[in-house]
Amino acid sequence: MNIQIRPILVALRRHKAGTLLIALQIALTLAIVCNALFIIHQRLTNLSEVSGVDESSVFVIRNQWAADWPTPQVDAQVKADLLALRQLPAVRDATPVSGGYPLSGGGWDNFVTLTPDQPKPVTDSAVYTGDEHYIDTLGLRLIAGRNFRPDEVMVMGTQQSITPAAAIVSKALADKLFPDGNALGKSFYAMSPTPSTIIGIVDPLHRQGVDQYSNGYAGQALIWPLRADDSRGIFYMVRAKPGQLAAAMREAPQALYAQSRMRIIDPKDGIQDYATIRRKVFDSDRGMAILMGIICVVLLAITAAGIVGLTSFWVGQRRKQIGVRRALGARQRDILTYFLTENFLISAAGVALGTVLAIAFNLWTVTRFAMSPMSMAYVGVGVLVLILLGQGAVLAPALRASRVSPVEATRSV
Amino acid sequence: MFAYYLDLALRSLKRSPGLTLLMVLAIGFGVAASMTTWSVFRAVSGDPIPWKSSRLFVPQLDIWGPDSRKKGGYTDISDAFDYTDALALMRDHRGKLQSAMYQVSPSVVPADAAKHPINVSGHAVFSEFFPMVEAPFKYGSGWSAQDDQNRSHVLVLSDKLNQKLFGDVNSVGKSVNIEGKDYRVVGVVDRWNPQPRYYDVVNTGGFVGDGAEDVFLPFNTAIDVGMPNNGNTNCNEIPKEAGFIGLQHSSCVWIAYMVELDSATDVDSYKNYLDGYMRQQQQAGRFNWAPKYKLSDLPAWLDSEHVVPDDTKVSLLVALGLLIVCLVNTAGLLLAKFLRRSGEIGVRRALGAPRAAVYAQFLTEAGMVGAAGGVLGLLLTGVGVACVGWVLPKDIAALARLDVSLLAMTLVVAVIATVLAGLYPTWRASRVQPAWQLKSN
């Protein structure tokens, strides 16, 4: 098949403005769609991040103390609470936590160094605290070393800073600190004068945050054997027996209030299961993905409709010429090819300009909004989508054109 | 004449309903997307205290030095105060009004023993906080400078907490038990929940939804009774001592600070004061780097704290992009539509219509498409604002409001944008050569 490009270009010169407008529209659509796709993909990737927690059966209780107790009294109460929680029929295990928990949003993090006076830290680590039940309660996978022993767990009072000698770290942190492996038994400093020795490694373990800063140190977290007896309050993480999450979430607050009434567990959001925690922390990511998705769909629909509209107009305008071509021996297929090729040429010009715009817009957002640079794959996908969209949109008017009868040539307008 | 053009436009639009519908849909969606994201952007970027924001300032002191910034990869000096410097600035009292403040979350024990204690949120502030932020009082007022000094056990309640504890009565003079200690109510703030919560954006990020603050109590009193800080604490090094006392003795930053300065001269002299203060600290051997401080007015401060989330800005940009594509699309369709009527234009021109008449006729038609698109845009914006909580974080989405100005703007933007998009097609239409058209027909 011999496609004649020259006559198409000559014909387009007669519709300069229309051609330019379609090309411009395709270019802008490409620029926006690429960047939106990039944002959508980024955010959806965030949504599926693994926490390392047995999310189907773990929940968190935010327990605030209603009295200003000294640390020993808080400690006694925390121990009693934990005992009561662990004895509940629907509960498998429970642990006291502070400084946040995986996917809690904000929380405690420390810079980590290998020597006490190292000026620039190796990395930043999320800091979790818990007792010897931490790993079992969260359902973490211990891939090396051992769990904490009960005698290693220390008491941490209100705004007190204690550096335990032992720590369990995530594999991501272990690999970052000791890239050649063998992190077990080695020591690090987490903004403290004394070192902590790695006694165990878990994998995976998500940080508290899902923000830009946390993502820079993805999966790097350490657990210290501490019972945080803060006079303000404490979080209890509880793991229900399989399938008994609802029952455990009902029993737990009753058991705690039976222990002591001098506490506040917010009836609205004091107890949250992990489905809720995950939904909340990724709220803005999900929203952004949906918003960008809606905008993409609207944009592509409008551009496609625009192409249909303008091509239909051109077809209507050229009925006589088409009739002449048909009368001179052009087949229906030739007419169809003509319009498809014409659209392809315009689209090609549009996506060429659009590619430049897309990259420029992305680079601008990188400098202005701390977004990450976009991979060219998104531009590739966008180009493909727009070319196909253009060809699809032009198909109906082109088919109509191809059915113009040669008789039209003889009719005067 | 205008009525005639309206009639012509209506006839023309009716002649190709598909094309017309397409243009109206494009304008409607484009305008609605832009207006919805604009309503959110407008809400989060608004000035919380427009009549005064240029006179409110937030100082920053470089007490951690350049090494700390290198370590953490930051460029700005720390955005909160440690206890020592906050108190020193309060003592020197160089602004017209000023207050150091920190976030607290104590529990209130109801007098009725059968009721559960409740957890409340609030700030420990100085007496000048209330006149500085112009908090509206329903009953009573703030406390006095004397109360600050005497570490009096007084407090200011929110309207909401007052309702909860006492019912809707003037509770001034009554007593509230907070963690075992009695405080005398001196004032009740009438519904007041500025967005963003500009006096302490470090702890709130700016937006806290509908959770207005429940209590305000004197800073010195809160320190005295050891009411710990419930907000962010940032440390350059681990405090040497434990507990809340240890935090007060450390270089950790956890206190917000705001000062009112009424004239440019006052601002200059306050800058001089900060400079002098930092020099003095350096000479006293507290640090060995060049003294550095910053004094930002409220708008600059909100900007540097990124109170408007990047997501909101990116959404607005993308939605504006959508609007532009819709306009380009409309321009293309109008062009096709207008040029199809070259014959009609030729006849009108030959019968003596000047170019201006052609302009008026076709811009009327474009404006009509814009108005129809605007009406559709109104409906879609209404839907968009109602559903925005579905895609944006609740505390921010809750601020987006549908009001008369937004609705009016939707219509105006739709009409003006469409008329702009119609300018080129109209110009082309006005260039139609009457002789040509008449001959070829």
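View 1. Residues 21-41 of chain B are 100% helix and 0% strand, with their end C-alpha atoms 30 Å apart. Helices here are DSSP runs (H or I) of at least four residues and strands are DSSP runs (E) of at least two, both numbered from the N terminus. The model is predicted: local features need pLDDT of at least 70, side-chain atom pairs count only at pLDDT 80 or more, and totals for chains, interfaces and linings use all residues. Residues are numbered from 1 along each chain as its sequence is written, while chains are lettered from A and ligands numbered from 1 in the order in which they are written. Residues 316-339 of chain B are also 100% helix and 0% strand, and 34 Å lie between their end C-alpha atoms. An unreviewed UniProt entry lists both spans, with 369-392 and 404-424 of chain B, under "transmembrane region"; such annotations may be inferred rather than shown by experiment, and the positions follow the numbering used here, with feature names shortened.

**View 2. The contact between chains A and B.** Chain B contributes 52 residues and chain A 48 residues, where contact requires C-beta atoms, placed from the backbone, within 7 Å. On the side of chain B that touches chain A, the elements that each supply at least two residues include α2 (17-45), α13 (310-340) and α17 (404-430). The largest share, 20 residues, comes from α13(B). This side of chain B has 30 nonpolar, 12 polar and 10 charged residues. Ala, Val, Leu, Ile, Met, Phe, Trp, Tyr, Cys and Pro count as nonpolar, Asp, Glu, Lys and Arg as charged, and the others, Gly among them, as polar.

**View 3. Helix α7 of chain B.** In α7 (residues 159-166), B:L161, B:N162 and B:L165 are buried, that is, 20 or more other C-beta atoms lie within 10 Å of their own, with C-beta atoms placed from the backbone. These residues are on the same side of α7(B) because they cover an arc of only 105° around the axis; the arc is that of the directions from the helix axis to the C-beta atoms. Their cover includes β7 (154-158), β8 (175-178), β9 (181-189) and β10 (215-218) of chain B. Just after α7(B), B:G167 has a positive phi of about 80°.

Methods
Two residues are in contact if their C-beta atoms, placed from the backbone, lie within 7 Å. A residue is buried if 20 or more other C-beta atoms lie within 10 Å of its own, exposed if 12 or fewer, and partly exposed in between; C-beta atoms are placed from the backbone.
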